[in-house]
Amino acid sequence: MKKIFIGKREISDRKRPLVIGEISANHNNSLETVYKLLLAAKKINLEFVKLQTFDVDEMTLNLRKGDFLIKQKFSNKKWNNRSLYDIYKEAHLPFDWHYKIFKKAKKLGVGIFSSVFDLKSLDLLEKLGCPAYKIASLESLHFPLIKAVTKTRKPLLISTGTLSIKEIDGLIKFLRSLKFKNYILLHCITNYPTKIEDTNLKTISYIKNKYKCLVGFSDHTSDTICANAAIANGANIIEKHYKLTKKDKGLDAQFSLDPKTMKKLIDETHKTWMSIGELKSDTLKNEIIYKKYRRSIYICKDVKKNQLINLSNVKVIRPGKGIEPKYLPKIIGKRFNKNLKSGTPLQLKFLKNFNV
């Protein structure tokens, strides 16, 4: 069975799915807010939180024209009519905060790792002992970066948003060329927020079966429904943005959950996973008591020896102490071999010259 460890946490089909809280831009340029998000994670038993670590100048150019200017294209209006640089600068988590955040998370006992976007950021995170890395959807074909990250030999989560199956094929081929197996693919729709009808969660089981790897779901919808459906389709990880309060209005707030709703998601996804269970091939122990109340054939009128069996003197009813209903067509027209009272469960031994 395929399994991967982030720290001591096993991720596999035999363990409850890991829920990851994505802080992303929900720090709102406040270190104190990050601390509060970590404390909230501790209170709701959120096992891991995730940051995004990047150098703005390695992400894009500081230009407000042409390709670098976003016009009115996104449903998330906080991103429109702004330069890429301006947006990334607002979302940026200062490098010097990372030391304090990792230290705080360790003190609280909350797992923490980060999405990495450039080599400078990777170097910082390695110094902090980051236990795993994520490659964001828009970096998932950035093979030079992915190759550098695989050299750490640490678990790698890769989002597949915007990728076609053909492009995922290329990504898997590249990982295999590196002889790197310590990865999990995250099904993802790169649209913020994602409409429920666009999530296409069948893709999870398809990816899992095709590439024989663990799969998660990076959920950009605004509620918890799709996370549960993802687990029913085989997801081993749920990644969900979370924020401090419902009133937060940051870049990612529109598709982020407050701690109370995140706690609901954690509880629901665990129950959903438990409901999947194993293949049921036989009666469960706690079903046996009910088994005797299935239907069977009973004598419904007093009968005499040698009397013909017909629908006036036998009936398919509950409980199940008589012979199974499947015998009804075969016994009609046969004869009883003894006198029997109404309410007697019919047995094959009560029939004259009857062979199964």
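## A buried ring

At 11% relative accessibility, Phe 117 is classed as buried, a term for residues under 20% relative accessible area, with exposed meaning over 50% and partly exposed in between (1.4 Å probe, protein chains only). The model is predicted: local features need pLDDT of at least 70, side-chain atom pairs count only at pLDDT 80 or more, and totals for chains, interfaces and linings use all residues. Residues are numbered from 1 along each chain as its sequence is written, and side-chain values use heavy atoms, leaving out hydrogens and water.

## Aromatic pairs

Rings of Phe, Tyr and Trp (its six-membered ring) pair if their centres lie within 6.5 Å; planes under 30 degrees apart are stacked, over 60 edge-to-face, and the rest tilted. The count under this rule is 5 aromatic pairs. One of them joins Phe 54 and Tyr 88, edge-to-face at 6.2 Å centre to centre with 75° between the planes. Phe 54 lies in the loop between strand 4 (48-53) and helix 2 (56-59), and Tyr 88 in helix 3 (residues 84-91), so this pair ties together parts 34 residues apart in sequence. Helices (H or I, at least four residues) and strands (E, at least two) are DSSP runs, numbered from the N terminus.

Phe 54 is buried, at 2% relative accessible area, whereas Tyr 88 is partly exposed at 23%. The rings of Phe 54 and Phe 117 are also edge-to-face, with centres 5.6 Å apart and planes at 75°. Phe 54, Tyr 88 and Phe 117 form one aromatic cluster.

## Charges over rings

A charge sits over a ring if NZ of Lys or CZ of Arg is within 6 Å of the ring centre and within 35 degrees of the ring normal. Lys 104 places its charged end over the ring of Tyr 35, 5.3 Å from the centre. Lys 2 lies over the face of Tyr 183, 5.9 Å from the ring centre.
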